[in-house]
Amino acid sequence: MLIGGGLIEAGGQRVVLRPARESDYEELVRVYASTRAAEVAQVTWWDDEQKLAFCRAQYDAQKAEYDARFPGAEYDLIEVKGRTVGRVWVGRAEEEIRLLDIALLPEAQRRGLGAAIVGALIEEARASGKRLRHMVFMLNTDALRFYERLGFRVFEDLGGYLHMEWAPEGDE
């Protein structure tokens, strides 16, 4: 298993996954903020400090929620050439692997990094006979297409979010 501290090859690049530490807080907030950039940009009456404070508060709330719901989850920084380019959060249970969150900075997207990381999780799911599940915002059509290309299917529609899963052959 390569997730949870390890190396992955993606697009000719060596991708390092290492456990996130408290000292990585600002890097993790930066990655989180990149996922909310378009949304926060619409709040024109906030200055940059207010936008950053909002992203810190939202990141803190997300982390608290994941820590409470998935206390044993692995939370890794994604690094290329010694630079943080993203994060990945994975929870494991007896019956499933849950990709809680994966985020890449815009400059690291569309380079095969996400596909390589999710591919490693698919291989883990295949080897263990477990389903791999992830939740996708329904308006994020790029993400929906990405997961569909990798063999995920929607198994539950919760309004704003679609629960998707990859299941081993014969387990659908």
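In what order do the eight strands of the open sheet stand? The order is β1-β2-β3-β4-β5-β6-β8-β7, and the pairing is mixed. Strands are DSSP runs of E with at least two residues, helices are DSSP runs of H or I with at least four residues, and both are numbered from the N terminus. Two strands pair if DSSP finds at least two bridges between them. Because β1 (6-10) and β7 each have a single partner strand, they stand at the edges, and one side of each is left without a neighbour in the sheet. From one strand to the next, the twist averages 30 degrees.

This is a predicted model, in which local features need pLDDT of at least 70 and side-chain atom pairs count only at pLDDT 80 or more, while totals for chains, interfaces and linings use all residues. Residues are numbered from 1 along each chain as its sequence is written, and side-chain values use heavy atoms, with hydrogens and water left out.

**Strand pairs**

| Strands | Direction | Bridges | Residues standing opposite |
|---|---|---|---|
| β5 (residues 96-104) and β6 | parallel | four | Arg98 and Arg133 |
| β7 (residues 153-157) and β8 (residues 161-166) | antiparallel | four | Asp157 and Leu162 |

The hairpin of β7 and β8 has three residues between the strands, and Gly159 takes a positive phi near 85 degrees there.

**Helices across the sheet**

Helix α1 (residues 25-41) lies across β3 (74-80), β4 (83-92) and β5, and runs at about 85 degrees to β4. Helix α3 (residues 113-128) lies across β1, β2 (13-19), β3, β4, β5, β6 and β8, at about 175 degrees to β5. For these angles, axes are lines fitted to C-alpha atoms, for helices over the stretch in contact, and the angles run from 0 to 180 degrees between N-to-C directions.

Ile122 belongs to helix α3. Ile122 counts as buried because its relative accessibility is 6%, where buried means under 20% relative accessible area, exposed over 50%, and partly exposed in between (1.4 Å probe, protein chains only). Leaving aside residues up to four places away in sequence, Ile122 touches Leu132, Leu150, Phe152 and Trp166; contact means heavy atoms within 4.5 Å.

**A residue of strand β6**

Met135 is found in strand β6 (residues 131-137). With a relative accessible area of 39%, Met135 is partly exposed.
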